[in-house]
Amino acid sequence: MIGASQPATAPPRTRTEHRTEHTGNTSTERRTTVADTDETGERAGGRSGPGGGLLMGRPFGVPVYVSPSWFLVAALITWVFGDQLDRVLPDLGPVRYLVSLFFAVAFYASVLVHELAHTVAALRFKLPVRRIQLQFFGGVSEIEKESETPGREFVLAFVGPLLSLLLTGAFYLGMQAVDPATVPGVLLAGLMISNLLVAAFNLLPGLPLDGGRMLRAVIWGITGKPMTGTVAAAWVGRGLALAVLLGLPLLTHTGVLGNRTEEIGGMNTVMDALLAAILAGIIWTGAGNSLRMARLREHLPELRARTLTRRAIPVENATPLSEALRRANEAGARALVVVDGQGDPTAIVRETAIASVPEHRRPWVAVSTLAQDLTDGMKVSADLTGEELLDHLRATPATEYLVLEPGGAIYGVLSTLDVEKAFVKAMARPQS
């Protein structure tokens with residue numbers, strides 16, 4: 001199971017396809033599991049959330065979603081833990097599966113506590129958190145901003161495993177007060193061991209695990225370069241992925257993990273190899289995503305409203321489309337802005353609307369019939385760059401925006417499509 005956090009930046013979406021999103025990861029996304037790799041208000045427990053899942057509540061104002069894949073894992077835990085209970089407490093009979101289901105829910109409640117630790121720390125540092133999602137291999141806290149200092153990054157990563165260790169201690173103390181050969185004793189022992197595994201796995205020093213973010217913070221602090229820390233921690237993460245892929249089945253097969261050698265083989269071997277492959281794939285992919293996100297952050301300053309803006313000409317409401325396009329071609333412009341009698345902008349002529357009008361009808365169509373009225377959110381300063389620009393576009397989704405000089409003069413029109421193309425180019429896979 002996995003729990004972690006890492007950046008998750010996404011390009012703005014047009015109004016027609018807008019939906020609130022996560023993973024990926026430029027929020028900071030933290031996942032939690034027995035390995036910690038690492039929107040839109042609806043009724044709790046009601047409707048599906050963005051990206052899939054049920055909204056279960058809003059602790060600290062942050063929505064918590066449960067992915068449908070969680071129910072598969074809960075069923076698997078119920079089955080496996082139920083078989084273990086049958087060996088320890090054979091008198092339970094079929095009731096053991098109810099006890100196992102309770103264990104599965106309690107375990108994921110522990111994962112949620114792990115994620116809430118990341119969330120509370122992020123909010124304490126004034127970093128917005130988009131959502132928490134419990135899913136197949138643990139949980140994810142989607143934090144929208146990168147930490148400003150390596151010290152804060154270290155704290156933000158460490159608090160999750162720290163809470164898991166504190167839960168381990170709490171469950172251990174609880175075990176001392178009950179008979180280990182009873183249902184409470186077995187449940188407390190299982191929760192103690194599972195939280196210890198979550199903490200230990202998440203402390204491994206490779207991205208996207210929390211330990212990898214801690215390593216990144218240390219290298220960032222020493223070198224002063226966050227990119228250097230990311231590259232180092234991501235490659236360590238890839239090394240961990242290979243170690244898990246090859247080492248986990250080997251340790252299980254040799255009985256090092258406590259399996260009796262006479263029980264090893266057949267389906268158990270296949271399941272161990274499959275589990276190792278899934279874990280290794282998650283870690284390898286997360287490390288690669290961390291590298292891509294670091295490259296993106298290096299290139300975000302290249303996203304400038306001024307350089308991405310299309311030149312525009314002002315036209316009045318009643319201007320025929322054909323005449324407006326003729327003027328634009330003469331001026332070398334690629335956009336039309338509707339202005340009133342005083343020359344103040346009131347609307348933008350949508351590019352898609354222009355394309356939908358056949359050429360022979362354009363002399364008879366006024367630009368006002370194709371225009372979208374301007375709102376304050378559709379007015380963008382020509383000086384916006386990087387994350388500031390993306391945040392503004394996300395806050396007011398549209399297909400085009402009016403770009404203004406600081407003094408209020410019309411600079412041009414910014415197309416969301418042009419921003420998305422520049423964003424995708426910045427997201428190109430790093431050569432490393």
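Guide: Helices (H or I, at least four residues) and strands (E, at least two) are DSSP runs, numbered from the N terminus. The model is predicted, so local features need pLDDT of at least 70 and side-chain atom pairs count only at pLDDT 80 or more, while totals for chains, interfaces and linings use all residues. Residues are numbered from 1 along each chain as its sequence is written, and side-chain values use heavy atoms, with hydrogens and water left out.

Visitor: How should I read a packed pair of helices, and at what angle do helix 3 and helix 4 pack?

Guide: Two packed helices are described by the angle between their axes and the distance between the axes. Axes are lines fitted to C-alpha atoms, for helices over the stretch in contact, and angles run from 0 to 180 degrees between N-to-C directions. Here helix 3 (residues 150-175) and helix 4 (residues 183-202) pack at about 160°, and their axes are 8 Å apart. Angles under 35 degrees count as roughly parallel, over 145 as roughly antiparallel, 65 to 115 as roughly perpendicular and the rest as oblique, and helix 3 and helix 4 are therefore roughly antiparallel to each other.

Visitor: Which kinds of residue make up the contact of helix 3 with helix 4?

Guide: Among the residues making the contact are Leu165 and Phe171 of helix 3, and Leu188 and Met192 of helix 4. The contact divides into 13 nonpolar residues, six polar and no charged, where Ala, Val, Leu, Ile, Met, Phe, Trp, Tyr, Cys and Pro count as nonpolar, Asp, Glu, Lys and Arg as charged, and the others, Gly among them, as polar.

Visitor: How do I read a sheet, and in what order do the four strands stand?

Guide: Strands of a sheet pair through backbone hydrogen bonds, either parallel or antiparallel. Two strands pair if DSSP finds at least two bridges between them. In this model four strands form an open sheet of mixed pairing, in the order 7-8-9-10, with strand 7 (312-316) and strand 10 (371-373) as the edge strands, each pairing on one side only. Strand 7 and strand 8 (residues 335-339) run parallel and are joined by five bridges, and Pro314 stands opposite Val337 in strand 8. Helix 9 (residues 321-331) packs on this sheet and touches strand 7 and strand 8.

Visitor: In which sense do strand 8 and strand 9 pair?

Guide: Strand 8 and strand 9 (residues 345-349) pair in the antiparallel sense over three bridges. Their hairpin has five residues between the strands, and there Gly343 takes a positive phi near 85°. Strand 9 and strand 10 also run antiparallel, joined by three bridges, and Ala347 stands opposite Asp373 in strand 10.

Visitor: Which strands does helix 11 lie across?

Guide: Helix 11 (residues 386-395) lies across strand 11, strand 12 and strand 13, and runs at about 175° to strand 11. These three strands form an open sheet in the order 11-12-13, with mixed pairing. Strand 11 (379-381) and strand 13 (410-415) each have a single partner strand, so one side of each is left without a neighbour in the sheet.

Visitor: How many salt bridges does the structure hold?

Guide: A salt bridge is a side-chain nitrogen of Lys or Arg within 4 Å of a carboxyl oxygen of Asp or Glu. The structure holds 17 salt bridges; in one of them, the side chains of Arg216 and Glu153 meet at 3.3 Å, N to O. This pair links distant parts of the chain, with Arg216 in helix 5 (residues 210-223) and Glu153 in helix 3, 63 residues apart.

Definitions and conventions: Contact means heavy atoms within 4.5 Å.
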